[in-house]
Amino acid sequence: MSTLEQRVRGAASAPSKALETVGEQGVFYARVLGNIPRALRKHPKEIVRLVAELGMGTGALALIGGSVVIVASITFFAGSVAAAQGFESSKNIGVSSLSPILAAFFTARLSTPLLAGVALAVTLGAASTSQLGAMRISEEIDAIEVMAIPSLPYLATTRVIAGMIVITPLYICATLAGFLADYLLLVKFYSTGAGDFQHYFFLYLQPLDVVFSYIQVLGMVAVIMLVHTFYGYTAKGGPAGVGEAVGRSVRTSLSAVMIVNLLIGMSIYSNVNTFHLAG
Amino acid sequence: MSSVSLGAVARPLSAVGDAGAMFLDAMVALFTKPFAWRECVQQAWFIVRVSIIPTILVMLGFTLLVIFEVNLLLKDLGALDLAGGIAGIASVQQIGPFVTVVVVAGAGGTAICADLGARTIREEIDAMRVLGIDPIHRLVVPRLVAAVGVSMVLNIFICVGGLVGGYFFSVYLQGANPGSYVQSITLFTGPAELVVCIIKSFVFGLVAGVIACYRGLNVAGGSKGVGDAVNQAVVLTVAVLVPISLVISLIQFAVL
């Protein structure tokens, strides 16, 4: 009986709890963003160190080449899937020589930014949560505060800035990997003519699309770093709590990233349609 | 120097071997009675509970963005009647499985790994071994079964959600004809493609479950260790499942 009563009570307080969480996160994000000038002024060295660390990864992930290799390989295989599906679908209606058009469209606009968002959330983001969570549990964050260094700009804001910096080279590698996958799959695997590929691919690869997808990724990275630093910074409950925080942050950031991506994509492409097949 | 680089190569490989060995142990334990039904149902419910909201949001963001942009392309071609066919390709053949990867790895896998990692770090697993209970049989097998089952259910949910969401997007926002939307769904996507999609989700659930359980049971090094384990589990799962999806698709194209 008591469990039933507890459950009813729990359900009744759920909305206010959810609202509290939203407020807590909102305040955290505002503080992180508000501290950007301070972090830039006081901790430039830490930012540079974090850029290197986020780009190359730490621990076992560094062994297989760090975030760069992971993100690029994921977008590579996603680009291959886009090229393969485009080829097979266009073969169905007998226009397989036009498949480079579809590959250019899908890779630049969809597969690369979407899968890069996922890959960034699980590499850059989850690593930050794990690091910050471990610092919180082993009371390193409290120690920083005791030394009169405000911990939030030093730990959270620097990570957000470093994420925004490291994304540019990372995303260039990711985009190139996607295009390379298109080329390899269509020309080497499906033996579309190399000249055919070159002509149609670059005819319909809109430079603006790549720029727009970069804007999408910038938005996604900002969300990823904010969400993940929040969950890491506020981890509690011992070592088990760190694992829990990483899991929860990945779930939240993946959901948030996809919605952000949908909104940015819709607002860009419904106003500016760069793709004109008929000229 | 050479021994160092050899170790660097051998360590990830031996982890792969260990995970494979754990998988084989689990396959043997799967047919050893009694099967831990209660744990399996609880785990399935647990995975569904943590995954359902990410599933809905990722599905909306992922599938609908693809359908939206492809419809822009179709509109330009004057072939908006094919919107349903594209939605079928998107949600059943390619994007649906990708969403399943993201959800199974990002939501289910992290939850399983964090749970098992916490138990390992509290030495509960060692205590079970001392009591003569095989953790593979008692913990890993029900989780694998639950992960596979939930992955397949969520995959169907994602396919249906993508088609329905695509309907609203195409018809109400982009002016496709409702009748031709429904009619053209089956143009590119038939029962065979659906079966491939279900096979994909089966494989995804299995691989995600194995990686999550393996990393969860092999946690070392305190609080940093648990966080890193969950992080590595999700990175590895995504990095392994995307190529697997490509391979299954290529086999599908070659056979069908």
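Analyst: The secondary structure of chain B comprises 8 helices and 0 strands, in the sequence pattern α-α-α-α-α-α-α-α. Helices (H or I, at least four residues) and strands (E, at least two) are DSSP runs numbered from the N terminus. This is a predicted model in which local features need pLDDT of at least 70 and side-chain atom pairs count only at pLDDT 80 or more, while totals for chains, interfaces and linings use all residues. Residues are numbered from 1 along each chain as its sequence is written, chains are lettered from A and ligands numbered from 1 in the order in which they are written, and side-chain values use heavy atoms, with hydrogens and water left out.

User: What percentage of the residues of chain B count as buried?

Analyst: Buried means under 20% relative accessible area, exposed over 50%, and partly exposed in between (1.4 Å probe, protein chains only). Of the 256 residues of chain B, 57% count as buried.

User: Which residues form the nonpolar patch on the surface?

Analyst: Patches consist of residues with over 30% relative accessible area and no salt bridge; like charges are joined within 9 Å, and nonpolar side chains (Val, Leu, Ile, Met, Phe, Trp, Tyr) within 5 Å. Here the patch contains Ile156(B), Val160(B), Val164(B), Phe168(B), Tyr172(B) and Leu194(B), which together have about 560 Å² of accessible area. Helix H5 (residues 135–173) of chain B gives the most, with 5 residues. Val160(B) lies in this helix and counts as partly exposed because its relative accessibility is 47%.

User: Why are Glu88(A) and Lys91(A) separated by about one helical turn?

Analyst: The separation is about one helical turn because the two residues are 3 apart in helix H5 (residues 66–92) of chain A. Glu88(A) is buried at 11% relative accessibility, whereas Lys91(A) is partly exposed at 45%.

User: How far apart are the closest N and O atoms of Glu244(A) and Arg248(A)?

Analyst: In this salt bridge they are 3.3 Å apart. Glu244(A) and Arg248(A) lie 4 residues apart in helix H11 (residues 238–269) of chain A, so about one helical turn separates them. In chain B, salt bridges that share partners join Glu39(B), Asp115(B), Arg119(B) and Arg143(B) into one network.

Terms used
Areas by Shrake-Rupley, 256 points an atom, 1.4 Å probe, with all protein chains shown as cover. Salt bridge = Lys/Arg side-chain N within 4 Å of Asp/Glu carboxyl O.
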